[in-house]
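Please look at the sequence and the model first.

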There are 2 protein chains.
Amino acid sequence: MKTSATREQIIEAADQLFYQQGFAHTSFSDIAGVIGISRGNFYYHFKSKDEILDAVINERLQNTQDMLDMWEEAASTPAARIRSYIHILLTNRDKIMRYGCPVGTLCGELAKLDHCERTESIRLFDLFRTWLRHQFTQLGHKEDADRLAMHVLAWSQGVATLANAYEDKDFIDQEIQMICTWLEAYTPPAKRPQHSSDALH
Amino acid sequence: MKTSATREQIIEAADQLFYQQGFAHTSFSDIAGVIGISRGNFYYHFKSKDEILDAVINERLQNTQDMLDMWEEAASTPAARIRSYIHILLTNRDKIMRYGCPVGTLCGELAKLDHCERTESIRLFDLFRTWLRHQFTQLGHKEDADRLAMHVLAWSQGVATLANAYEDKDFIDQEIQMICTWLEAYTPPAKRPQHSSDALH
DNA sequence: GTCTATACCTGGATAGAC
DNA sequence: GTCTATCCAGGTATAGAC
């Protein structure tokens with residue numbers, strides 16, 4: 001995998017713009033304008049626009065996995081790790097209100113475009129799904145682990161979609177609180193010394 | 001408001017295609033191909049593509065309001081009416097798995113395009129939000145009515161997003177069941193003669 | 001009202017100089 | 001590696017015949 005400076009710049013800028021404007025609506029001129037190169041230069045680094053998308057998705061997959069790994073060792077309990085996931089709704093609140101969730105909106109767009117990279121984009125969901133499932137399994141919910149993981153994923157996606165539509169900070173805060181309360185019901189009492197004092201940092 | 005035959009055809013076809021392919025990715029040629037008119041003919045009925053979008057949104061607003069009015073009189077209790085809303089996840093299941101929710105995906109796309117019709121599209125959410133809020137108020141949750149309405153909206157949006165990503169029928173069924181169970185906790189016992197027997201038709 | 005023809009622009013993509 | 005010049009397809013939009 002080449003890691004030339006401008007190649008990385010292209011991926012970085014495309015990543016941002018695909019998120020903010022959508023993939024289809026982002027042109028080579030847009031990306032070129034951000035990093036200050038010419039349009040023709042793209043084709044030294046990539047064969048097509050789709051190949052840039054592929055690189056962007058791989059970049060996001062890598063970053064996401066790194067983040068999950070970090071959460072895995074930073075938080076001491078499965079419940080706290082799940083809260084790390086919920087917490088990104090707060091960390092990225094402003095961006096979510098403007099552009100929605102990066103994963104959900106990309107998968108949605110590629111589904112409508114019937115784009116071949118669609119399956120790749122869903123792997124982003126898979127990372128979170130697998131990781132969350134693992135946490136719920138550790139919480140002792142072997143049978144329901146995947147169902148619960150999907151539920152948390154869906155919940156956060158719904159919050160992102162409506163937060164984007166209404167640009168409502170308070171709504172996000174309320175829903176985060178609800179998710180954490182809901183989560184307590186799935187946390188074994190033995191491992192629940194503090195109740196909500198450790199919810200969200 | 002003019003109601004010429006072809007104008008209606010254009011709106012109808014655009015409505016479908018905007019949903020299936022997205023607004024930006026749908027061209028005049030696409031629409032023209034469906035209803036068998038020439039591209040030049042559009043400009044007799046509309047000044048621009050944006051004006052078609054406006055007409056499509058208004059059409060959807062009208063249809064949505066009609067549907068809500070129908071639910072209002074078809075179902076006898078507020079809880080049953082809220083279940084009417086949840087039920088569209090089942091009725092439109094196949095389309096949702098392919099294209100997502102028509103409201104959520106349109107609002108999401110227009111947000112990224114920074115399109116002037118964005119505020120109009122959010123009125124679609126408003127219709128559901130106001131209607132759901134009304135139902136929760138009738139259920140006796142005056143203070144929390146709007147919060148609960150937003151919660152149901154977000155929940156259904158999240159289900160649609162993940163159902164679209166994973167094309168998973170069972171997931172939709174499971175979540176619908178969860179929403180109905182959740183809803184029972186907000187239904188006054190006095191008005192709850194049957195438990196889940198009347199859940200979803 | 002609907003068509004054809006066409007203007008005009010922007011998009012992705014290629015060729016070749018440097 | 002990066003640039004300029006260019007091609008070509010497709011998009012929206014206009015003009016004018018019918």
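## Cavities and DNA contacts

About 40 Å³ of space lies in the second largest cavity. A cavity is a set of points, on a 1 Å grid over the protein atoms alone, where a 1.4 Å probe fits but cannot get out, and lining residues have an atom within 4 Å of a point. Lining the second largest cavity are A:H151, A:W155, B:H151 and B:W155. The model is predicted, with local features needing pLDDT of at least 70 and side-chain atom pairs pLDDT 80 or more, while totals for chains, interfaces and linings use all residues. Residues are numbered from 1 along each chain, chains are lettered from A, and side-chain values use heavy atoms, without hydrogens and water.

The largest cavity holds about 510 Å³ of space. Among its 34 lining residues, A:T105, A:E109, B:T105, B:G108 and B:E109 are closest to the centre. The largest share of this lining, 7 residues, comes from α7(B).

Around DNA strand C there are 18 residues; a residue counts as near if one of its heavy atoms lies within 4 Å of the strand.

| Residue | Protein atom | Distance to a phosphate oxygen of DNA strand C |
|---|---|---|
| A:Y43 | side-chain N or O | 3.2 Å |
| B:T6 | side-chain N or O | 2.9 Å |
| B:S38 | polar backbone atom | 2.9 Å |

Technical notes: Polar contact = N/O pair within 3.5 Å; in protein donor to acceptor, adjacent residues only side chain to side chain. 1 Å grid on protein atoms, 1.4 Å probe; cavity = no way out; pocket = protein on both sides within 12 Å on 5 of 7 lines; lining within 4 Å. Points joined across faces, edges and corners; volume = space filled by probe spheres on them. Helix = DSSP H or I, 4+ residues; strand = E, 2+ residues; numbered from the N terminus.
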